[in-house]
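Please keep the model open beside the text while reading.

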Amino acid sequence: MCGLTHAALPEGRGRLHEPGLPEGCHIFIDSAQHQLNGSVAVVSIDGADYMMCRLYNTGRTVVLPPDSWDDCYEDIVMTREDEHAVKYVGTVVCFQPAEEMK
């Protein structure tokens, strides 16, 4: 499978990344790939449900902005002082719309 040994293929839910990643698409996550600023990552904040988001890390601040055209989503901004636990699961390396997997 593309030579990757640490990978998962869950179904994406939610509209946080529409239109780029459509709701219900299957995402390919590589947990071994180093996270780069601006890449789409799967993270959990303080043990909450996993979410797919762009991730920007300045060393002191982590910013998780939505890619959605829907105005109901806002940037998540955390600093070291906020003491949030951010668990990095992996980087989204590709996706496939569910209707194309039939």
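At 17% relative accessibility, S39 is classed as buried, because the cut-off for that class is under 20%. The model in which this value was computed is a predicted one. S39 belongs to the loop that links β2 (26-30) with β3, and, with residues up to four places away in sequence not counted, it touches C53, R54, L55 and T91.

**The chain as a whole**

The chain contains 8 strands and 0 helices, so that its elements, read from the N terminus, follow the order β-β-β-β-β-β-β-β. Of its 102 residues, 32% count as buried, and its accessible surface is about 6,700 Å², with 52% of that area belonging to carbon and sulfur atoms. Among contacts with a separation of 6 or more, 51% are made by residues 24 or more positions apart.

**Strand pairing**

Strand β8 (residues 86-96) pairs with β2 in the antiparallel sense through 5 bridges, and D30 stands opposite T91 of β8. The pairing of β3 with β8 is likewise antiparallel and has 5 bridges; here V43 stands opposite Y88 in β8.

An open sheet of 3 strands is ordered β5-β6-β7, with antiparallel pairing. Because β5 (56-57) and β7 (76-79) each have a single partner strand, they stand at the edges of the sheet, and one side of each is left without a neighbour there. Between strand β6 (residues 61-64) and β7 there are 4 bridges, again antiparallel, and T61 has T79 in β7 as its bridge partner.

| Residue | Relative accessibility | Class |
|---|---|---|
| V42 | 7% | buried |
| S39 | 17% | buried |
| F95 | 34% | partly exposed |

V42 is located in strand β3 (residues 40-45). Which residues are in contact with V42, once its neighbours within four places in sequence are left aside? They are I27, I29, Y50, M51, M52, K87, Y88, V89, G90 and V92. The C-alpha atoms of V42 and C53, which are 11 residues apart in sequence, are 6.5 Å apart in space.

F95 lies in strand β8, and although 66 residues separate F95 from I29 along the chain, their C-alpha atoms are 8.9 Å apart.

**Nonpolar cores**

The largest nonpolar core is made up of 8 residues, namely A41, V43, I45, C53, L55, V62, L64 and M78. At least two residues of this core come from each of β3 and β6, and β3 gives the most, with 3 residues. A second, separate core has 7 residues, including C25, I29, V42 and M52.

Definitions and conventions:
Residues are numbered from 1 along each chain as its sequence is written. This is a predicted model: local features need pLDDT of at least 70, side-chain atom pairs count only at pLDDT 80 or more; totals for chains, interfaces and linings use all residues. Side-chain values use heavy atoms; hydrogens and water are left out. Buried means under 20% relative accessible area, exposed over 50%, partly exposed in between (1.4 Å probe, protein chains only). Contact means heavy atoms within 4.5 Å. Accessible areas come from the Shrake-Rupley method with a 1.4 Å probe; for residues, only the protein chains shown count as cover. Two strands pair if DSSP finds at least two bridges between them. A nonpolar core is a set of buried Ala, Val, Leu, Ile, Met, Phe, Trp, Tyr and Cys residues joined through side-chain atoms within 4.5 Å.
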